[in-house]
Every structure is written in structure tokens, then in C-alpha cells.
Amino acid sequence: MAPQRSTGGRKYTCSLVSSLKVACQYCNELYTSRGLKSHEQSCLRQKEKKKEDREFSRAAARSILKEGKHKHRSNKGRTHEAARDTTLVIQEAGSAADSPSAADSHYHYDDAGFEGLDDVQSVGKDTRLRSDSDISMGNNIPTPISVATATTSDRLDTFKTEYHPHSGRAPIVESFSVYGTNKPETTQSPVIDDEPWQPFSCRADFNKDQTNELLKFIWRVADGRTNFTFKTHNDVSAAWTRASSQLTPFERHVVPVEYKKENIKYEVYSRPLWDWALDLLDNPLLAPQFIWDAQRLYKHDGTDFERFFHEPWTGDRWWDLQTSLPHNGAPFAFILYADKTHLSSASAVKAYPVIACCRNLPVEIRNVDGPGGGRLVGWLPIVPADSDEDGKLSYTNLKKVVWHKSFTILLETLSLISKTGFAHQCYDGILRWLFPLILILSADYEEQCVMALIRGFNSACPCPICLVPKDKLTDHSTIYPTRVIDDAQAYVRLWNMDRTAGEAALKKQSLRPVDNSLWIVERSSPHDALSQDTLHTYDSGLFGDHMFEEVKAHLKTLGRTAEKTTDDQFAAFPRWRNLNHFNHVTNISFSDGNKFLDISKQILYTTQNVLTRKDDEAGYALLKCIASYLHAYMYITFDIHTESTIAAGEAEILVFQKCLDQYIEVLGDEATKNWNFPKAHSMRHIFSDIRAKGAARNFSTRPNEKHHGLIKRAYKLQTNGKDIANQILRLDHTTFVSVVLHNRIDHFDDERRKAILSERELETEDLDDRSFGGHIHLGTPQSAITFAQLENDNVSNRAFGQFRKKLSTFLNHALPAYNIPLPDGKTWLTLSAQDTVQEHRYLKVNYESVVDWKLTTDHLRCNPSFHGRERRDCALVRTQDKDGNNKNIFVRILFMFKQSIGSQTLDLALVQPMDAPTGPQHAIDQDLRLRRLRARPLASTEFITLHSVIRGALLVPDFASTRGDFFLVDYVDSDMFLRSQRYMF
């Protein structure tokens with residue numbers, strides 16, 4: 001399935017006016033930016049519908065024999081609001097803008113965001129157009145693009161989809177505006193259940209909200225406006241019992257295992273997997289969302305179509321699996337996650353949940369709470385610790401036998417169907433043979449060893465996927481043989497016949513003499529299904545357990561001053577949304593992979609002046625390792641991968657190997673750590689996994705680990721500590737039923753609302769749950785103040801020197817450049833000391849990500865006291881040099897405000913440019929791959945229109961610099977990282 005396109009990502013020119021009107025790209029009628037989006041949605045639907053009606057009529061006339069095969073696609077398309085040649089019209093309140101230059105010019109807003117950004121070392125003092133009042137960034141006038149440029153832009157916005165030959169679907173080429181918007185075709189009517197709360201007698205008996213709804217409900221019952229049938233607690237319990245029967249419940253099983261001539265019984269609970277799958281297939285709200293056919297997706301890069309990967313069905317494995325199936329067969333792909341967790345703080349009570357998820361559903365459904373999200377399907381027994389037996393090979397093998405016999409019960413409903421297939425009438429009306437299989441096993445390394453039945457990190461071949469020797473785990477340039485189940489099955493059979501010969505053969509490949517439960521499901525080799533989880537392998541593994549510990553060891557060797565300096569610089573690190581802030585790190589100890597991830601993004605900037613080449617050569621070499629690791633990690637975690645980003649990531653892994661070898665060499669005899677451990681080897685497989693199964697988020701444990709919190713909460717608050725598995729699983733099942741009923745009622749309410757509203761009201765209604773649909777939105781307004789008061793309040797701040805005079809000059813140059821006449825026919829605008837300005841301290845910026853081409857939002861602050869601290873965020877803005885060429889620079893936002901000029905309201909900001917020359921490149925910048933920026937003096941502040949902001953930026957001070965140097969934190973998100981790699985270095 002194509003990635004869903006956000007509809008609010010229109011690429012704006014640097015407009016000054018917050019209330020401008022823009023022409024629809026389809027009918028050319030004028031609408032405000034707030035209403036344009038919904039109108040264009042409707043306009044595009046009508047246009048595409050008319051076009052397809054004509055095509056359908058012509059096709060039918062040409063050949064009546066093709067009737068029924070020609071599919072009339074009704075594209076309920078969302079417009080590409082970043083259209084390449086959008087006509088921008090600036091209109092004053094109450095009058096049309098008649099200027100041909102305003103109405104007819106087209107502006108090409110490049111995707112890069114960094115295109116035209118000069119290398120800072122070559123930026124001279126006067127490269128940008130300047131005047132005595134520093135108004136250059138206001139003269140950012142859109143430049144018309146040629147027809148040739150527009151044609152190239154159109155090609156760049158072209159997508160191609162190739163479907164698997166078994167699907168019988170021809171390849172399609174689509175423009176950006178309709179890509180990913182086609183819905184599954186069906187002759188069925190939309191499912192509208194008049195009583196979605198059934199089996200509850202009435203809606204009031206099943207109410208999803210709490211306090212507020214309870215009070216409203218009491219008054220409605222009291223007034224006789226609502227029916228309510230419950231009279232006792234037994235009535236409520238009976239209703240939930242009826243509701244629970246609608247979905248597959250858990251079943252209790254007993255697993256007998258013989259150990260030392262004793263028959264030991266273990267309890268396992270399972271929700272039969274195929275029955276749970278049928279619950280999903282029978283859900284009328286999920287049925288249209290299933291994807292069955294493998295796809296190969298391409299985006300035009302200006303020269304040719306380049307393949308990209310995101311969802312599992314875009315990977316090579318899905319394609320190969322569908323090829324192995326009958327012509328009308330399709331994979332029903334499961335992901336299974338299993339991991340032990342502690343329920344009590346004392347670690348005395350443990351649980352071993354198994355979570356299942358269907359990979360035929362798109363990520364926005366399967367990775368969130370809801371009927372199509374991950375679901376608890378199993379509860380495995382835990383063999384207790386025994387001081388007399390622990391460490392013995394026989395007892396270790398017992399644990400594996402118990403695990404796999406229990407897992408076999410979970411998989412047994414898939415065993416036969418995986419061989420024969422299951423006939424199912426899909427939502428598109430096609431009868432398909434569905435073949436269940438385990439596409440992905442998501443787990444940390446310890447669980448992977450159990451799933452693959454290998455002997456762990458001390459064995460001869462400790463990788464569960466390939467046969468790499470244990471002393472070659474950091475060798476990423478060599479390809480080792482992949483494990484295959486035929487070998488494992490043959491060695492286990494040999495062990496059953498001849499223990500000595502079998503043990504020797506098994507030990508050579510580090511296998512255990514146990515039948516693997518995954519063998520009973522066709523096309524579900526554990527070695528193919530196991531994937532590299534970023535949370536455990538990298539965040540809390542390679543970085544958290546190893547590199548970060550090495551950094552702390554080097555700091556400790558340098559002494560307490562080095563540790564304190566590092567802690568202080570972490571505390572001084574600028575705040576950023578969704579980035580954890582740390583007051584100290586050198587003495588903390590935890591196992592939270594998410595916090596390790598945020599430390600890794602900050603550690604280069606906070607230690608680069610501590611672990612210097614002069615003070616600690618080995619520590620400096622370690623920082624070079626971390627820089628390469630972060631580059632590789634950023635490529636690994638992209639939500640959409642192209643062939644070029646995969647190639648760049650694979651090349652970076654070899655750089656990381658070289659940096660690690662250099663670090664070990666510098667340590668010499670002082671090296672105490674053996675880097676030949678499995679998580680260091682995992683990089684060898686990660687991009688193979690991405691090619692095979694799509695983006696790394698498809699096999700991440702993050703969406704599944706959140707279930708541990710729910711289980712712990714249920715144990716703590718809703719059980720009596722006895723028979724906990726039975727109690728927790730009953731609660732989980734009731735919760736699942738409640739989620740499904742909530743989903744039905746929400747759909748019912750939505751359909752009823754649509755039936756009530758007129759078509760015009762639906763078109764103008766904002767249905768995308770965003771508070772604004774434009775490029776920027778100013779928030780946190782302050783009381784209006786006069787210019788005199790503003791200048792008086794900032795009399796000691798050089799940034800505000802001659803604020804009113806500089807703003808007047810800026811406006812007198814900028815307004816005519818935008819064909820906005822000065823008020824009252826004036827030829828020169830003068831601002832008086834008593835004119836007012838309204839400050840705003842919060843800015844939302846919408847922009848299109850260069851990674852996944854979706855709408856992304858940055859939240860920027862310009863606040864003298866945000867949670868008790870001054871915060872002045874930075875941004876990347878579009879400007880022009882003195883020759884009129886597009887140029888993008890970073891700025892620090894010092895003051896944001898709205899300014900009224902006549903009938904116009906302007907969104908403006910006072911900023912400090914970060915483009916002063918930095919001189920020759922510093923050696924540390926090259927070694928640690930840092931992007932250095934230098935602030936211009938505060939006296940050189942400038943005004944910009946906030947519509948020139950491309951996106952937010954996180955800049956951190958160079959703590960060693962006395963010249964106002966900063967570093968760009970390009971690891972803050974994938975978009976900033978890819979922009980920096982493609983357009984800045």
C-alpha cells in the first residue's frame with residue numbers, strides 16, 4: 001500500500017500576509033489558506049471523476065469484450081498542497097489583487113530545503129543583499145519557473161507501482177496528488193451498523209467516557225431522554241460475558257515435559273492464532289485495509305525511477321513468498337513478539353507474554369492501539385530458577401523444550417492451513433487462498449537465541465541468522481552462510497539416533513537438540529523471520545551497554561573535572577520537543593533504550609571539548625566511532641528507504657567497522673573490552689532485513705513493549721496476586737472487546753454525522769484533526785504593546801537597537817516587492833512610537849519531510865521564560881543573496897510578532913542570522929562530522945517574514961568556542977539528517 005500523503009503540506013512562498021487568498025490549482029477560484037485545502041480535495045475528486053468517466057466510456061466503446069475487466073477507479077484524492085506551480089495571489093481585504101505579476105507568477109519551492117545553502121566557509125561578509133537597516137531577508141521574492149523546470153518537477157512527483165504477477169494487476173504510474181489515495185474496489189455497500197453497541201441492549205449500557213459522560217448520562221436518564229436497562233451488577237457482568245463471546249477467548253493448556261524421569265506439567269494460555277486472524281478478517285472496518293499483493297514501488301528522481309521500501313509488502317520477501325504460492329494465493333503475515341517481564345518491583349513475579357500483529361495492515365493501524373493493533377495472544381510458562389540445576393546443559397535444554405512445546409500450542413491452528421490455504425472472500429470481491437506464515441519474529445538477542453534454538457553468545461556461531469564465527473562478529477565486509485532449517489532438522493534427527501555424533505554436528509553450528517516450534521508452519525523459517533530490533537540491538541545495546549559505558553570510563557580516567565564539565569554541558573543542551581533533557585549522565589544507570597537514544601544524539605556535542613585528541617587520544621577515537629554509528633543509525637531508522645539511502649547506510653557500516661578497528665588499535669594494551677559480541681554483528685543484517693521486510697519500524701519491539709506496561713498495571717491494580725495469568729488474560733480480553741465496540745460506535749457516529757451534514761458542509765469541514773492547514777501558525781499571543789514600550793523594555797539588548805526604524809525600512813522595501821500598496825497612498829511608511837505590536841511566543845511550522853514526503857510539524861518557542869527558562873529556538877529559512885539567488889540559512893528567533901499595516905496583518909520575526917564566516921574547516925568538525933555555524937553580532941539582527949521559515953532547527957553551542965559558534969544537531973530527526981547529507985556536505 002502506498003504511504004498515505006498528508007494534505008496540509010502546500011509549499012508556500014515567503015508570503016508576508018497571514019490572511020492572503022490563494023487560487024485553487026484546479027478551478028482558479030480564490031480561497032483563504034484555511035479553506036483552500038478542503039475545497040481542493042473536493043475539486044480534485046470531481047476533476048478525477050469526470051476524467052475517469054470519460055476514459056471508462058471510451059474503453060467500453062472500444063471493446064465490449066473487456067467489460068468487467070476495466071476497473072473504474074474512483075480516486076478520492078487529496079491534493080498535493082506542495083504543488084510545483086501553484087498560483088499565488090495576494091489579495092487585500094475587500095479588494096482583488098489585480099497585479100499581473102502577483103497573479104501570474106509561479107514559484108518553484110524545492111524539496112531539498114537546503115538547496116542553495118552555501119558552504120559557510122565561502123560566505124563573505126556582504127554576500128547577502130543588505131542595507132543599513134538589514135532588511136535583506138524580506139526581499140525574498142518568488143521567481144517564476146520555466147516550463148522546462150515545471151516539467152522536471154512533474155517527473156520528480158511521479159510514482160510507479162508494480163504489483164506481483166499473481167495479482168493480475170497492471171503497473172500504474174501516478175502523480176503526487178493521487179498517489180496512495182486509491183481505495184480498494186468493491187461492489188459491497190459501506191457497512192453501517194444501526195446498533196454497534198450490541199450485544200449491550202442500548203448505547204447507554206455501553207458508554208466509553210468517564211466522569212463528564214457519567215454526569216450527562218445521569219441527567220439524561222433522570223429526564224427520561226435515555227434508556228438504561230441495567231439494574232444490578234449481575235446485569236453488567238452478564239452483558240460483558242455476552243460481548244466477550246464475540247471474539248476469540250484465551251484457552252488454558254497443560255504441557256507435560258519429562259525431565260530426569262519426572263513428568264513436569266506447565267500451564268500455557270493461548271488465543272488460537274488463526275481464530276484471532278479470522279476476528280480481524282471479519283471486522284468490517286478493518287477488511288478494506290488489508291493488503292494482499294506484493295508491490296514494488298518507485299519514485300522518479302529526475303533521471304529514472306528509483307525503488308523505495310516502507311511497508312512489509314514492498315520488500316523482497318513478500319514478493320518471493322507470493323511467488324511460492326498458488327496463483328490466487330496470498331500471504332497472511334504474522335509478526336510475533338515474546339519477552340519476559342517483571343510484574344513486581346521486587347522481580348519476584350514474572351510474566352511471559354506473546355504479542356501478535358498482522359502485517360497485512362498498514363502501519364498507522366497495526367502500530368497503534370485499536371482493533372488492528374498488536375494483541376496479547378499467549379502466556380508462556382517460565383521454568384523456575386534452581387540453584388542445583390542452573391547452568392547444566394540438560395536444565396538449559398529443558399527450558400528450551402518447554403518454550404517450544406508451549407509455542408507449538410500457540411501455532412497449531414496455523415500448521416495445517418499454512419499448507420492447504422484458507423479460502424476467503426476479500427473486501428475487493430476476490431476469492432483468495434490465504435496462507436498464514438510468520439513473516440517477522442521481533443525480540444531482543446536473548447529471545448532470538450530461544451526462537452532460533454542456538455546456544456548463545458559464547459557458542460561457536462552466536463548469530464541466529466548466519467554462521468559467522470564468534471571471533472569475526474565485527475567483520476561487516478564478509479558474507480557468511482545463512483542458516484537453513486533443513487540443516488537444523490537433519491542434525492536434530494541425527495542427535496535422536498546418535499547422541500555423540502548428533503551433539504558434535506549441533507555444536508558445530510551452535511544448535512540445540514530440540515524441535516523448533518516454527519517448523520510446523522510452512523514458509524516460516526525462524527532464521528528468515530528473525531529481524532534486527534533497533535531498541536535492544538542499538539539503543540540499549542551497542543550504544544547503551546557498550547559505547548556509552550566506554551565514554552563514561554574515559555571521562556572517569558580524565559577525572560572529576562571532565563565528568564562535571566560533561567554533565568554541565570548536558571544540562572546546558574537546548575531543549576527540543578520529544579528529546580529527553582538530562583542534567584547529568586556520568587553517574588546514571590538505567591536500561592531505558594529511549595533515553596539511551598536521546599543521550600546518543602547529544603553526546604558528541606557535549607564531549608567534543610572534553611575527550612580531545614590532546615587529552616585522550618583513545619577517547620577521541622571513540623567519538624569518531626560514535627559519529628559513524630550515529631550516521632548508520634539514522635539511515636537504519638528511516639521510515640522510507642530508497643535504494644540510494646540503503647546503499648549509503650551499507651557504506652557507512654563499513655566506515656563504522658574501520659573506526660572501531662582504529663579505536664581498538666589506539667587503545668592497544670589498555671583494551672579490556674572484546675567487541676566481538678552479537679549486537680555488534682547485527683549491522684551486517686539490518687539492511688538485508690530492510691530490503692526483505694521493509695523499514696526497520698516493521699520489526700521494532702517498541703510498539704509491543706508498551707503492552708508490558710498494561711500488563712503490569714493490571715497486575716498491580718486489578719488482581720489479588722493469585723492465579724494472575726487467568727485474571728490478567730480475562731481483563732485483557734474484556735479490554736479487547738471494549739476496543740472493538742468503541743471502534744464500531746465511533747464509525748457509527750461518523751457515518752451518522754456525514755449523513756446529516758450536506759455535501760458542501762463536508763467539503764468545508766476540516767477532517768484531518770489538525771488545528772491549522774497552512775504552512776505556519778502563530779500561538780501564545782501576548783498583550784499588544786507600543787513600540788516605545790518594546791524598545792524601553794529591551795534598552796540594554798543590542799538585538800533590539802533601533803527596532804522601529806529598522807522595521808519601517810524593512811516594510812518599505814518588502815511591501816512593494818510583494819505588490820502590496822502602502823496604506824493611504826503613502827510612498828513611505830513611517831511607524832510611530834505609539835503604534836502597537838503583538839508578540840507571539842509559539843510557532844507551528846508545517847513542512848514536507850524529504851524522507852517520507854509526508855507532512856511534518858515543528859513546534860518552535862521564542863519565550864523569555866518557558867517553564868522557568870529562556871528559550872529561543874532556531875530555524876532554517878529561505879532567503880536570497882545580493883544577486884537574487886535562493887539561499888537558505890539558519891537563524892535564531894529572538895522575537896515573533898504580528899504587525900498590522902492598513903488592512904494587512906503580517907507575521908514577522910526578529911532573528912539573529914547564523915551565517916557568519918567560520919574560516920577554514922576545523923579538524924574536529926571533519927573528524928566528528930560536525931556542521932559548524934557562527935552567529936552574526938546581535939547588532940546585525942534582521943527581520944524576516946515567518947512564511948520564509950522552512951522548518952525548525954536544533955543548534956547547540958560549541959562549548960569550547962568564544963566566538964559564538966554553534967553546531968547543527970542533524971541527528972535530531974531523519975529529515976534534518978537527510979537534508980544535511982544530501983545538500984550540505
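## A buried asparagine

Asn-698 is buried, its relative accessible area being 0%, where buried means under 20% relative accessible area, exposed means over 50%, and partly exposed lies in between, with a 1.4 Å probe and protein chains only. The model is a predicted one, in which local features need pLDDT of at least 70 and side-chain atom pairs count only at pLDDT 80 or more, while totals for chains, interfaces and linings use all residues. Residues are numbered from 1 along each chain as its sequence is written, and side-chain values use heavy atoms, with hydrogens and water left out.

Asn-698 sits in the loop between α21 (683-693) and α22 (702-718); helices here are DSSP runs of H or I with at least four residues, strands are runs of E with at least two, and both are numbered from the N terminus. Its side chain makes a polar contact with the side chain of Arg-366 at 2.4 Å, and the side chain of Asn-698 also reaches the backbone oxygen of Lys-693 at 3.0 Å. A polar contact is a pair of N or O atoms within 3.5 Å; within protein, one must be able to donate a hydrogen and the other to accept it, and residues adjacent in sequence count only if both atoms are side-chain atoms. Leaving aside neighbours within four places in sequence, the residues in contact with Asn-698 (heavy atoms within 4.5 Å) include His-310, Glu-311, Pro-312 and Ile-440.

Helix α9 (residues 393-415) packs against helix α11 (residues 445-452) at an angle of about 75°, and their axes are 9 Å apart. This makes α9 roughly perpendicular to α11, a description used for angles of 65 to 115 degrees. On the side of α9 the contact is made by Lys-400, Trp-403 and His-404, and on the side of α11 by Glu-447, Val-450 and Met-451.

Arg-523, a residue other than glycine, has a positive phi near 55°, and its place is in the loop between α13 (499-508) and α14 (526-529). Arg-523 is partly exposed, with a relative accessible area of 26%.

Thr-780 is not a glycine either, yet it has a positive phi of about 50°. Thr-780 belongs to strand β18 (residues 776-781) and is partly exposed, with a relative accessible area of 34%.

## The chain as a whole

The chain has 28 helices and 30 strands, and of its 985 residues 55% count as buried. Among contacts with a separation of 6 or more, 70% are between residues 24 or more positions apart.

Definitions and conventions. Axes are lines fitted to C-alpha atoms, for helices over the stretch in contact, and angles run from 0 to 180 degrees between N-to-C directions. Angles under 35 degrees count as roughly parallel, over 145 as roughly antiparallel, 65 to 115 as roughly perpendicular and the rest as oblique.
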